[in-house]
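Here is a quick tour of a few local features worth a look. Have the viewer open and follow along.

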Amino acid sequence: MNKDLARKPMVVIDLQSGSFVANRTGHEFFNRRPNVVDGRYYGYCPPHDDLRIERLGAKADDDSVSGVIVVYTTKFRKTSNRVIVAFTDDATVHRERILDPSLHRTLEEDGTLIDCTYSIESDNIYNLDDYPVKFIIPIADYSTYMFRKQRFYKGKYPALDRKIIAYLDQYLNSTVDEDSPLFQRQVQEEDVPEGMVSEDNSTTEPEFMLMGGSKVVNKKARVSKSALVAARFLCAVDPGHKTFLTEKGTPYMEGHHLIPCTYGNAIRFRDERHRNIDCTQNIVCLCPTCHRRVHFGSKEEKEDILKQLYDKQLNALKKAGLDISFKELLSLYI
């Protein structure tokens, strides 16, 4: 588990379940939507934006606290259980609610336009609507009153805290998109003749895009294909592994980012090293079976195959300024 994530303060906020929103639209309507003015996210905490920031590590005279995990839940179907629908891992939470008409957070109440307040702001929100793994909070296992005030703070339910953090960590380190048939098709269709691989882009700025309302790395299919060409379409684990021929007449192989190409990892290496992890030096050529072993194998299977790949790729990683210890690399998977 990401230790930095586990150390952060956290608040879980329930949306669209209070008496006010039974028949009307609450101020939290905007919580999961990028602001039309500046693209940032401004969250309302029902029922009155009255978050107790001392519970998040603030001092008595602080007006706000930063680096907070804010988790949003809603009712799960027609039950009293809750499902996590979004989160941010780096929010600023304010003691007093803020009213800023310039942000155009406007709703109609009783025929009158009103400006909605907020007490939470962040640069990014991870929306989990399209994420296939759902986290359900069974209310009866903890307290039927846990959302009586439509929020609870880290420390109230320690066992649940650990489960939520593990779930968020799993999402942040997910590389499901790399395995998607669509991306792999794009890789196979790229035309990169042998001896004409793309230039080193390890020092270029990584590119990001929104997917399901969340920022992800916009990985380049041509970069992955270049790594496959440079490896002569041979599996890095065992060159004897055979697959089948693609329409271009080349063996079908898949590119795998050894340092997982997640948003969090990309930001870290960009900020700390000024490096782009979506580069050929960080991509190894794998047959489909070995690629699945990396992602879905047992702990022992993952450790074994990652050690082989790490030993083979370490010099390339060092040349690209992406050197990392094996222990640290392993922690990004297990």
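## Ground rules

This is a predicted model, where local features need pLDDT of at least 70, side-chain atom pairs count only at pLDDT 80 or more, and totals for chains, interfaces and linings use all residues. Residues are numbered from 1 along each chain as its sequence is written, and side-chain values use heavy atoms, with hydrogens and water left out.

Helices (H or I, at least four residues) and strands (E, at least two) are DSSP runs, numbered from the N terminus. Buried means under 20% relative accessible area, exposed over 50%, and partly exposed in between, with a 1.4 Å probe and protein chains only.

Let's start with α7, residues 299-319. Its 21 residues should span 30 Å at 1.5 Å a residue, and the end C-alpha atoms sit 29 Å apart, which agrees; the expected span is 1.5 Å times one less than the number of residues. Even so, α7 has a kink of about 55° centred on Gln313, the bend being the angle between axes fitted to the seven residues ending there and the seven starting there.

Gln313 is also among the buried residues of α7, along with Lys302, Tyr310 and Leu317. The buried residues pack against β14 (283-286), α6 (288-296) and α8 (326-331), with contact meaning heavy atoms within 4.5 Å. Just past the helix, Gly321 has a positive phi of about 75°.

## Strand β3 and its partners

Strand β3 (residues 64-75) is mostly covered, with nine of its 12 residues buried. Strands count as paired if DSSP finds at least two bridges between them. β3 pairs with β1 (residues 10-14) in the parallel sense over five bridges, and Met10 stands opposite Ile69.

With β4 (residues 82-98), β3 runs antiparallel, joined by nine bridges; Lys75 has Arg82 as its bridge partner. Six residues lie between the strands of this hairpin.

Most residues other than glycine have a negative phi, and most peptide bonds are trans. Arg77, in the loop between β3 and β4, has a positive phi near 55° and counts as exposed at 72% relative accessibility. Phe233, in the loop between α4 (221-230) and β13 (254-257), has a positive phi near 60°, but is buried, with a relative accessible area of 13%.

Finally, a cis peptide bond joins Pro46 and Pro47, with omega about 5°. Pro47 lies in the loop between β2 (41-43) and β3.
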